[in-house]
Amino acid sequence: MSLPDKAFPVSWDQFHRDARALAWRLAGMGQDFRAIVCITRGGLVPAAIISRELNIRLIETVCVASYHDYVNQGEMNLLKGITAELMVNGGEGVLVVDDLTDTGKTAIEVREMMPKAHFACVYAKPKGVPTIDTFVTEVSQDTWIYFPWDMGFTYQEPIAKGSKG
Ligand SMILES: O=P(O)(O)OC[C@H]1O[C@H](OP(=O)(O)OP(=O)(O)O)[C@H](O)[C@@H]1O
Ligand SMILES: [Mg+2]
C-alpha cells in the first residue's frame, strides 16, 4: 500500500485537546473504570492524559505491533499480553485506550482478550469504527494521521510554487 492521499497532521496541543475531549466523553458515561489497558505504543500518550483526567491509577499495557514499515500492515505481533487479574469477567470495567483505529485489526485482536472491556481511541477511520465504543474524531479511510511524536519541523513549499507560468 502507498501513503494515503490526504494528510491529517496533529500537533501536541491538538492531541492534548482531543484526548481530553475523549476523557470528557468517558466521564459522561458515569462508569468507574477499574484500570486502563493501553495499546502500545500509540496508546501510551492518550492513556497518560485520560488517566490523569479520570483519576485512574492502575495502568497496564498490551504490546502489539502490526505496522512494520510505516504504512504497510503485516502480521500482528503480540509482544506482551495483559495480566490475568484484569482479564477476569472478560475485562469488564476495564478501559482500553489507543491513539487510533484504522482497519480495526488491532482492536479486534485485543477485544478477543477482553470482550467486555470498553474500547476508546482518539481518532477513527470508517473501517475501524465498529470495533470501538468511544472515539472523538473520524477521518476518511484515505487519510494518514501524523502524530506529533512522529514529526519534526521541516520547510514547507509555498502552495503557489510551480502553479504559475
Ligand atoms: O486499526 P489498525 O489497522 O490495526 O491500526 C491501528 C493501530 O496501528 C497503530 O499502531 P502500530 O501497530 O503502528 O504500532 P505503534 O502503536 O507502536 O506505532 C496505531 O497506534 C493503532 O494501534
Ligand atoms: Mg498502536
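**View 1. Ligand 1 and the polar atoms around it in the predicted model.** In this predicted model, a backbone N or O atom of Gly104 lies 2.9 Å from an oxygen atom of ligand 1. An oxygen atom of ligand 1 is also found 2.7 Å from a polar backbone atom of Asp102, and an oxygen atom of the ligand is 2.6 Å from an N or O atom in the side chain of Arg41. Taken alone, ligand 1 exposes 500 Å², of which the protein buries 88%. The ligand is surrounded by 16 residues, and the closest are Arg41, Asp98, Asp99, Thr103 and Thr106.

**View 2. Asp102 and Ile145, two positions from a UniProt record.** An unreviewed UniProt entry lists Asp102 and Ile145 under "binding site".

View 3. Asp102 belongs to the loop that runs between strand β5 (94–101) and helix α4 (105–113). When its neighbours within four places in sequence are left aside, Asp102 is in contact with Tyr67, Lys125, Lys127, Gly128, Gln141 and Trp144. With one of these residues, Lys125, the contact includes a polar one, in which the side chain of Asp102 and the side chain of Lys125 come to 2.9 Å.

**View 4. The surroundings of Ile145.** Ile145 is placed in strand β8, which covers residues 143–146, and with a relative accessible area of 5% this residue is buried. Not counting residues up to four places away in sequence, Ile145 touches Phe8, Val10, Leu100, Tyr123, Lys125 and Val139.

View 5. Asp99, which is one of the residues closest to ligand 1, has its place in strand β5. The feature "binding site" is also assigned to Asp99 by UniProt, in an unreviewed entry. Its relative accessibility is 8%, and Asp99 therefore counts as buried. Which residues does Asp99 contact, leaving aside its neighbours within four places in sequence? They are Phe15, Gly42, Gly43, Pro46, Cys121, Val122, Tyr123, Phe147 and Trp149.

**View 6. Helix α2 and the residue that follows.** Helix α2 is formed by residues 44–54, and within this helix Pro46, Ala47, Ile49, Ile50 and Ser51 are buried. An α-helix has 3.6 residues a turn, so residues three or four places apart point the same way. One of the buried residues, Pro46, is also a contact of Asp99. After α2 comes Asn55, whose phi is positive, near 55 degrees.

**View 7. Ser66 in strand β3.** Ser66 lies in strand β3, made up of residues 59–69, and is buried, with a relative accessible area of 5%. With neighbours within four places in sequence left aside, Ser66 is in contact with Asn72, Gln73, Gly74, Glu75, Met76 and Thr106. Of these contacts, Thr106 is also listed among the residues closest to ligand 1.

Note on methods
Residues are numbered from 1 along each chain as its sequence is written. Chains are lettered from A and ligands numbered from 1 in the order in which they are written. This is a predicted model: local features need pLDDT of at least 70, side-chain atom pairs count only at pLDDT 80 or more; totals for chains, interfaces and linings use all residues. Side-chain values use heavy atoms; hydrogens and water are left out. UniProt positions are given in the numbering used here, feature names are shortened, and annotations may be inferred rather than shown by experiment. Helices (H or I, at least four residues) and strands (E, at least two) are DSSP runs, numbered from the N terminus. Contact means heavy atoms within 4.5 Å. A polar contact is a pair of N or O atoms within 3.5 Å; within protein, one must be able to donate a hydrogen and the other to accept it, and residues adjacent in sequence count only if both atoms are side-chain atoms. Buried means under 20% relative accessible area, exposed over 50%, partly exposed in between (1.4 Å probe, protein chains only). A residue is near a molecule or strand if one of its heavy atoms lies within 4 Å of it. Accessible areas come from the Shrake-Rupley method with a 1.4 Å probe; for residues, only the protein chains shown count as cover.
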